[in-house]
Amino acid sequence: MKLLHTKRAAFAAVLVATFGVSLGARALAFDDEEKKGDESEEAEDKSVPEEEKTAWFAVTHADIYTGTGEILRDATLLAKDGKIVEIGYDVDIPGRDYYTDVPEEKRDFRVDVLDAQGMRVYPGLVAISSSGLLGTGGDFRDSIDPFSSNMVLGLAAGITTTGQGRSAVKLKRYVPHEPPLPYDFDGIVVRDDAFASMSLSSGAAKRSLIEKFQRASQYLREYRQWEIDVKKDKELKEPDKKGVDGTVLEVLEGRVYPMFRAAERADLLNVARLAQEFGFRPVIDDCREGWTVADELGRAGAFAILSARDRRDKDESLVREGGSSIENAAILSAAGVQVAIVPESKGVALDGIVGRDIMHLPIEVDFAVRGGLSEALAVDSITRIPARMMGIGHRVGSLEVGKDCDLIVTDGDLLHYQTFVQYTVIDGELVYDKQQELYFAHIRPRPEVELAPAAKLDAGEDAPAEEPKDDAKDEDREEGEGGE
Amino acid sequence: MMILNTLLLVAAPALSPASTPPPQGVMALKVGRAETVSDGSVLHAVILIEDGKITMVGEDLPIERGIPVIDLGPDSVVIPGLVNAYSRQGMDSRGGSGSEPGNRASSELYPAYEDYSELLDAGITTLGLYPAGNGIPGRAVAVRTKGDTREEMILKDDAYLKVILQASGSSKKMIRDGFEKADKWIEKEQKEREKWEKDKEKADKKKKDDDKDKDAKDAGPGPYVAPDKDPEAEAFLALRAKELRALISIDTAAEYLHLVDAIGKEEFDWDLRIPIQRESNVFYVAEMVGKRGCRVVMDPVLSLHPNTMRQRNLPNEFAKAGAKLVLTPRSDSTSDNVDWLTDVGGLVTAGLPPKVALRAMTLEPAEVLGLGDRLGSISAGKDANLVFFDRDPFEPGVRPVAVMLEGQIVSGEVN
């Protein structure tokens, strides 16, 4: 017994040592890397095929807005094979801080480092719904166009994940490699069936939906009871699943959120009541009059999708409040409703008035900020919250260790009208660079060198030539020193 | 020395009957310049032909007396007969959109179609005719552009399997399903073979036991017969065995990625057909296709970079990237077939090397049809399909002076 105790203590000590020295995730990454290193030593001189290489990606010197409330100034984010492994300071990057002596062709990894000096990093934006960014629809694995200009425009707008149809899909562009890698068709769909569409619009639809919920919740009750009883009596039959709607069952089990379309007060209250009666959290699309019943929606745990600059007068025949309000998002959020904001038009519009389509999500949320929404919640409304609604919040929507490395690098505050997305990264791969695409490269072009070159300290009399050659530099300095 | 030997051999039959040699007999051609495609240009070329085949090509070869000589003059140029591997000239059926790899374009061949002679006059001696339709419409046939019956015209049936791939689930599934059906047939065949072997063993045993009594009534299951293949399984098995090659049509760069995805790990011979639209974006995959080194069948047109007015020479870009370029006429109309050389001349003016251009109209399309060992270049052993000009063939508006099909002058006149 005593022996056991000491063993345990020793084990704990080792754990503490590991974590103390090199902060969790990095330790893991290191271990992994070392293992790989050993393997490649065994397999001497065999170059690793491109697709099997570990892909490292790092953003350095950036102000990282993680989307969870923290801001890390002049920090580094490191991702391995598309997942974030470390965010913070003093991050070691393979190929730069270690393994520097391994020649390029013998490496079992490749590394991309993006220097974002003076820029900000945000999580990639999540558009709760859009159209035309990816392809024609159906299964996106079979229809996506990774070269389409609409996808580039979506990436230029900072969107990395979008709901289209019932799926949550990433805007993964085809990135040329040397040698070329096959396109990862399986990597684009984050989730099929991200929503369960439901309707309460007509009397008949309402009746039938309520019946479905009643049947499904009855079945769930029976099933849970059976789970308890079957332990005593193994012969007991599973409850009959006949007549149980599969989608409704999934909703009740909390595996998917149901999406209702409800703009007016009465419809919104119907949804809220149904949700509270059966215990699920509804997503309410086009939640225009939500501000009039915000408390009820908040109590029902609702999510709301709305456009911050929708303008509609209320029904004049009613005395109560109604119609649209610029304060909608702010009031709903204050009541505990999680709000996602969408533009008026969900496609990419290259004609008409600028700024009302999917390419202007950050500007869209500015209208909600004008109506009283906090800036932090405004960013949430186009990142974390839509990700949660689609049930993919564990993968995208914020920058945290373990999540997908989907991020944007901007040249200023995301919500400022002047700000441009400079780079977009999906799964640790650079998919958009403003200067490389013909769309916005000419507007306030990014300077080639971010910082002025270090001033040369020269107290000597000899005026240096305009641009001394690299080789000549050292000699110059030596001579100067000699002169002193 | 070898040359001499061959010459003597060639000369031998011609010597004996003295006068009139048989029409399919031996013949020598003297041309100012021969574009052999396989071995570059030969100046002052002599081409020896026997029984419709080229037996020798060389510069200023000595010609044995008695062999009839056609001298085309010092300015004359000869190129191999043109091969349009992607045409529906003379065919009129409408296809479906499903997977019908068993269909054969040869079944709708109509030798009396009047425009074949016009194509022949324009120097096109071989056509690859494909079946109509979307999806997997069937197999193309390679034909001569002359012949009174289908048998006389057909060079090779099952020249290639035409596949049209689009970025859609159903289209990708068609390819995957085809190989799945092939797998299923293999499985079925194995089972049947095992069953047959068991039956045979049983029968043999019984036979031994019964031997003493009388001659065996039960002669066993007979020779093994493999189960019938349905046309889909058959075609995809043939693809895998590399007995059949595929010509896969795509429109956009994305579709190439989908194609690579649909094919997965299957290995078979395939070439690409990429029709060039006004603002095609296929240049995104030029490097990838070039690395693969497959053939790319394109139209001789310049296109525009998407959303701009910047001109691109996509055939040249693909050729530069390493793809084997195959050109078709600008459209499948008779007039565009006749103007084929002029249209390709336009690409040459825009930077496509003339040698690559000529190869893309002769040897490479012959390879697409699986006839590369028989057609497409002026070299020993190949069919004597030749087109004669009195100036450079890529000059605008040039028409052939004469056309030879398998050793016979079938168009124009030579003396």
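Colleague: Let me start with a helix. Which residues are buried in H10(B)?

Modeller: They are B:Trp340, B:Leu341, B:Asp343, B:Val344, B:Gly345, B:Leu347 and B:Val348. Please keep in mind that this is a predicted model, where local features need pLDDT of at least 70, side-chain atom pairs count only at pLDDT 80 or more, and totals for chains, interfaces and linings use all residues. Residues are numbered from 1 along each chain as its sequence is written, chains are lettered from A and ligands numbered from 1 in the order in which they are written, and side-chain values use heavy atoms, with hydrogens and water left out.

Colleague: Why is helix H10 of chain B called largely enclosed?

Modeller: Buried means under 20% relative accessible area, exposed means over 50%, and partly exposed lies in between (1.4 Å probe, protein chains only). Seven of the ten residues of H10 (340–349) in chain B are buried, so the rest of the structure largely encloses this helix. After H10(B) comes B:Gly351, with a positive phi near 120°.

Colleague: And what makes H5 of chain B mostly covered?

Modeller: Seven of the ten residues of H5(B), which spans 231–240, are buried. Among them are B:Glu232, B:Phe236 and B:Leu239. Just after H5(B), B:Lys242 has a positive phi of about 60°.

Colleague: Then what makes S13 and S14 of chain B a pair?

Modeller: Two strands pair if DSSP finds at least two bridges between them. Strand S13 (270–273) and strand S14 (295–298) of chain B have two bridges, in the parallel sense. In one of these contacts, B:Leu272 has B:Val296 in S14(B) as its bridge partner. Both strands belong to an open sheet of six in chain B, ordered S8-S11-S12-S13-S14-S17 with mixed pairing. S8 (138–139) and S17 (324–327) of chain B each have a single partner strand, so they stand at the edges with one side lacking a neighbour in the sheet.

Colleague: What do A:Asp404 and A:Lys170 form?

Modeller: A salt bridge, with the closest N and O atoms 2.6 Å apart. The rule asks for a side-chain nitrogen of Lys or Arg within 4 Å of a carboxyl oxygen of Asp or Glu, so this pair qualifies. A:Asp404 is in the loop between helix H11 (384–389) and strand S15 (407–410) of chain A, and A:Lys170 in strand S8 (167–170) of chain A, so the contact ties together parts 234 residues apart in sequence.

Colleague: Why does A:Asp404 count as buried?

Modeller: Its relative accessibility is 2%, and A:Lys170 is buried too, at 0%.

Colleague: Which residues are linked with these two in a network of salt bridges?

Modeller: The network includes A:Lys83, A:Lys172, A:Asp184, A:Arg395, A:Asp406 and A:Asp427. A:Asp427 and A:Lys172 meet at 3.0 Å, N to O. That pair links parts of chain A 255 residues apart. A:Asp427 is buried at 18%, and so is A:Lys172 at 11%. Over all chains, the rule gives 53 salt bridges.

Colleague: What gathers in a patch of negative charge on the surface?

Modeller: A:Glu264, A:Asp267, A:Asp313, A:Asp315 and A:Glu316 do. Patch members have over 30% relative accessible area and no salt bridge, with like charges joined within 9 Å and nonpolar side chains (Val, Leu, Ile, Met, Phe, Trp, Tyr) within 5 Å. Asp and Glu count as negative and Lys and Arg as positive, while His and the chain ends are not counted. Each charge is placed at NZ of Lys, CZ of Arg, CG of Asp or CD of Glu. Areas come from the Shrake-Rupley method with a 1.4 Å probe, and for residues only the protein chains shown count as cover. A:Glu316 is exposed at 65%.

Colleague: Why is B:Asp60 called exposed?

Modeller: Its relative accessible area is 52%, over the cut-off for exposed. B:Asp60 also has a positive phi near 50°, in a residue other than glycine.

Conventions:
Helix = DSSP H or I, 4+ residues; strand = E, 2+ residues; numbered from the N terminus.
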